[in-house]
Amino acid sequence: MHITAEKIKEAAEALESTELKSFMFQEPTAGPLTRRRRSSRSTGRSRRSTRGTRRSTRGTRRSTRGTRRSTRRSTRGTRRSTRGTRRSRRSTRRSRRSTRRSTRRSTRGTRRSTRGTRRSTRRSRRSTRRSRRSTRRSRRSTRRSRRSTRRSTRRSRRSTRRSRRSTRRS
């Protein structure tokens with residue numbers, strides 16, 4: 001039970017309607033300040049007023065219950081909405097993280113592929129250079145061998161000519 005201003009007012013009115021007020025404001029030695037005549041009319045009025053106050057208190061209780069229920073419902077709704085917003089925020093964060101991860105992975109893959117292509121191009125260039133060098137060397141060696149064979153053939157021809165000349169002279 002919550003104590004509200006309305007309840008305090010109702011309690012004060014109930015005290016005024018009863019004889020407690022006269023008892024409260026008495027001095028300890030003196031008699032009652034106001035002597036009330038007890039008549040059937042006054043007792044009927046006091047009963048009616050107490051009935052009215054009881055009914056009003058019931059009404060206020062019902063209204064307070066209604067307000068409590070409405071506040072509970074509104075707080076539940078706000079809690080649910082906040083939960084929904086939190087969940088949506090979490091899902092958006094997760095999606096952002098996943099997109100970041102996927103982009104990182106894709107960039108890593110592209111970097112690796114570019115590295116691989118660079119390496120392969122370097123290797124192919126090296127192999128072509130080596131093959132060119134080897135072909136040049138082989139050409140040089142063939143040229144040298146041809147020269148040597150030509151020289152040898154020339155020498156042999158000269159020697160044969162000389163031998164023929166010598167045989168003719170003799």
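Tutor: Thr-60 lies in helix H3, which covers residues 40–169; helices (H or I, at least four residues) and strands (E, at least two) are DSSP runs, numbered from the N terminus. The model is predicted, so local features need pLDDT of at least 70 and side-chain atom pairs count only at pLDDT 80 or more, while totals for chains, interfaces and linings use all residues. Residues are numbered from 1 along each chain as its sequence is written, and side-chain values use heavy atoms, with hydrogens and water left out.

The chain contains three helices and zero strands, in the order α-α-α from the N terminus. Thr-60 counts as buried because its relative accessibility is 14%; buried means under 20% relative accessible area, exposed over 50%, and partly exposed in between (1.4 Å probe, protein chains only). Of the chain's 170 residues, 2% count as buried.

As for its surroundings, the side chain of Thr-60 reaches the backbone oxygen of Thr-57 at 2.6 Å. When neighbours within four places in sequence are set aside, Thr-60 is in contact (heavy atoms within 4.5 Å) with Glu-6 and Glu-10. Between Thr-60 and Glu-6 there are 8.1 Å in space, C-alpha to C-alpha, and the two are 54 residues apart in sequence.

How values were computed
A polar contact is a pair of N or O atoms within 3.5 Å; within protein, one must be able to donate a hydrogen and the other to accept it, and residues adjacent in sequence count only if both atoms are side-chain atoms.
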